[in-house]
Amino acid sequence: MIAQIIFIIILGAAIYQFSKNVAKIRRNILLGKDTNRKDQPGLRWTVMAKIALGQTKMVKRPVAAVMHFFIYVGFIIINLEVLEIMIDGVFGSHRIFANPLGGLYGFLIGAFEVLAVLVLTACIVFLCRRNVIHLKRFTGTEMTQWPKSDANYILITEILLMTAFLTMNAADYKLQLLHFGHYVSAGSFPVSSLLAPLLPDGASALVITERVCWWFHIVGILCFLNYLPYSKHFHILLAFPNTYYSNLNAKGKFTNMASVTNEVKAMLDPSYIPENTGEPGRFGAKDVTDLTWKNLMEAYTCTECGRCTYVCPANITGKLLSPRKIMMDTRDRITEIGNNIDKHGKDHQDGKSLLDNYISREELWACTSCNACVEACPVNINPLEIITEMRRYIVMEESQAPASLNNMFSNVENNGAPWKYSQADRFNWAEEQ
Amino acid sequence: MNNEPLAIPTMAEMAAQGKEPEILFWVGCAGSFDERARKITRDICKILHHVGISYAVLGTEENCTGDPAKRAGNEFLFQMQAMMNIQVLDGYNIKKIVTGCPHCFNTIKNEYPGVGGNYEVIHHTQLIQQLINDGKLKAEGGESFKGKRITYHDPCYLGRGNDVYEAPRAALEILDTELVEMKRCKSNGLCCGAGGAQMFKEPEPGKKDINMERIADVIEAKAQVVAAACPFCMTMLTDGVKNQDKEQEIKVLDIAEITARANGL
């Protein structure tokens with residue numbers, strides 16, 4: 001009875017804390033400007049099914065794809081097992097699904113155990129890639145300290161949780177063979193039965209092992225759940241809405257700034273009376289709140305895999321730009337603003353901004369807008385849109401474009417071409433051989 | 001090779017005669033002013049003449065689409081250019097546009113509708129593919145590319161930007177030649193380094209220039225010809241080849257040039 005009460009308290013606290021943090025992230029995301037990503041629901045569901053559920057963009061790197069698939073399937077299916085643990089915890093039962101499900105239960109437990117081994121394998125491979133092989137993709141200026149340890153914490157936690165699960169089953173299996181207490185015979189334990197010889201033979205020692213692992217496993221999962229909102233691992237939740245709200249336009253199409261259209265129409269035609277579009281906003285983005293909620297959702301979805309940076313031509317040739325850093329900076333900044341709101345109220349200004357305090361102009365001007373980063377992202381994140389918005393701010397609000405680009409602008413404006421040629425010479429090519 | 005001067009029809013002339021061409025050839029700034037790109041412009045015209053498509057150009061009435069301004073963040077200048085161009089295009093009742101520049105192609109096709117310009121836009125490689133499919137264009141009567149190793153460099157704004165990967169390859173497939181792909185191609189293609197308004201500024205400091213990284217891919221593929229489909233890529237690739245002192249071994253040719261040569265135009 002005491003165990004049940006403790007369990008319910010832990011479970012309640014974990015869910016409360018998690019909901020609170022998710023609500024905070026949701027609030028932070030909605031600090032962004034509105035953008036319409038609700039058209040064509042049919043196509044959006046398809047995109048989500050393909051990209052998030054079907055993992056189709058992962059396959060470009062087969063090793064990572066297979067390993068990631070193990071962890072992904074393991075995560076989804078293990079939730080069935082967690083459901084049983086929850087019910088057992090609340091009602092003080094033991095393996096409540098064993099009797100009603102009969103043979104199917106044995107099959108399910110078998111499947112979970114095999115998956116647990118696959119997850120373990122994948123986590124070990126992933127740890128090696130990061131810490132032994134030092135895969136280049138996982139290094140870089142933005143991948144120090146927290147981002148580096150975050151990845152390792154996630155992998156180690158998953159290894160511990162899977163180990164606890166298998167050890168728990170092994171002890172349970174041994175107790176079943178002893179026909180001890182409520183440990184009913186519950187199907188095959190294909191992996192954990194192999195571990196059984198490693199455990200003590202005494203019933204009381206086995207019960208302790210089983211209980212310790214049970215509590216460690218479920219409390220571990222609840223702690224891990226609460227770790228998610230602070231971690232890149234949050235992608236396991238946001239990958240789904242993030243792909244649902246994907247950009248469905250051609251990648252080459254940049255957003256149209258309707259606010260500019262009015263002003264340009266007025267410039268070209270003095271008799272034009274602009275429509276009232278409400279209070280004038282800022283052109284482009286200086287800070288994260290000038291970006292759209294979708295940009296901010298993408299920042300929270302980014303799992304820092306670095307596929308974007310790995311294919312970025314600027315990054316490859318040693319320039320400062322790293323699309324992954326753009327996303328991480330955006331997330332760090334919106335989190336900082338969120339924390340300021342929690343501490344000092346919603347109108348607090350800290351005098352900082354995404355531009356300059358987080359992302360330098362040198363990074364922004366190195367982008368060739370080639371869309372390789374957008375193509376490479378397994379969950380359809382678009383770092384290019386943020387780069388473009390920030391360039392817009394620098395050019396239109398500050399007039400601080402590099403001098404050579406200012407020359408190009410004035411050539412376009414005065415000569416109708418980015419080079420200093422006369423408009424009258426534009427057709428000279430027709431006279432040549 | 002036919003070196004007779006071409007009579008290039010302009011929209012103004014056509015309108016004066018009360019005629020409307022089937023298609024407008026949007027030349028673009030590079031195609032109008034860049035010495036190398038002007039040859040490609042003329043080759044596109046030769047192809048259009050050869051197959052007898054009724055077309056015209058805007059000539060001195062053409063203006064920059066605003067693409068480099070938009071990529072650099074100058075939305076004001078972009079929309080100014082766009083609206084002025086749309087006025088001219090609509091004034092001539094233009095419905096269909098072919099262009100030799102993926103940047104013009106992307107901007108007119110995707111971004112002009114946002115400021116009121118709606119046209120059917122195709123890239124010259126798509127037109128060539130269509131003409132081949134229709135049997136109007138073959139690879140006969142001209143230079144033979146037999147046995148040459150040719151590779152194709154995907155321009156970002158044609159490939160990743162608009163998913164046009166097959167059309168330029170189709171134009172090469174009808175040649176009796178050895179087509180090879182670089183290790184980075186199609187959606188994994190590497191930028192030439194000129195997009196996003198980089199063409200008009202010095203690159204940021206780094207280990208090397210992007211076009212040098214790209215030329216290494218061309219050299220690794222042991223290609224004798226690298227086919228381009230964008231005037232900016234043309235400049236960057238040509239510079240890269242020169243920088244590596246490979247001008248004798250590697251030629252950079254646009255798909256339109258290759259097509260024109262193969263057909264003896």
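Axes here are lines fitted to C-alpha atoms, for helices over the stretch in contact, and angles between N-to-C directions run from 0 to 180 degrees. Keep that in mind as you work through this predicted model.

**Exercise 1.** Work out how helices α8 and α11 of chain B are oriented to each other, and which residues join them.

*Solution.* Start with the axes: α8(B), residues 166-173, and α11(B), residues 255-262, come within 10 Å and cross at roughly 25°. Angles under 35 degrees count as roughly parallel, so α8(B) is roughly parallel to α11(B). The crossing of this pair is left-handed. Next, look at the contact: α8(B) supplies P168(B), A171(B) and L172(B), while α11(B) supplies I255(B), I258(B) and T259(B). By class, that gives five nonpolar residues, one polar and no charged.

**Exercise 2.** Describe the interface of chain A and chain B by its residues, buried area and salt bridges.

*Solution.* Begin with the residues: chain A contributes 60 and chain B 72. Then take the area: about 5,800 Å² is buried between the chains, 64% of it from carbon and sulfur atoms. Finally, look for salt bridges: the rule finds two across the interface. The side chains of R392(A) and E75(B) form a salt bridge, at 3.4 Å from N to O.

Conventions:
Residues are numbered from 1 along each chain as its sequence is written. Chains are lettered from A and ligands numbered from 1 in the order in which they are written. This is a predicted model: local features need pLDDT of at least 70, side-chain atom pairs count only at pLDDT 80 or more; totals for chains, interfaces and linings use all residues. Side-chain values use heavy atoms; hydrogens and water are left out. Helices (H or I, at least four residues) and strands (E, at least two) are DSSP runs, numbered from the N terminus. Angles under 35 degrees count as roughly parallel, over 145 as roughly antiparallel, 65 to 115 as roughly perpendicular and the rest as oblique. A crossing is left-handed if the near helix is turned anticlockwise from the far one by less than a right angle, and right-handed if clockwise. Contact means heavy atoms within 4.5 Å. Ala, Val, Leu, Ile, Met, Phe, Trp, Tyr, Cys and Pro count as nonpolar, Asp, Glu, Lys and Arg as charged, and the others, Gly among them, as polar. Buried area is the accessible area (1.4 Å probe) that two parts lose on being put together, summed over both. A salt bridge is a side-chain nitrogen of Lys or Arg within 4 Å of a carboxyl oxygen of Asp or Glu.
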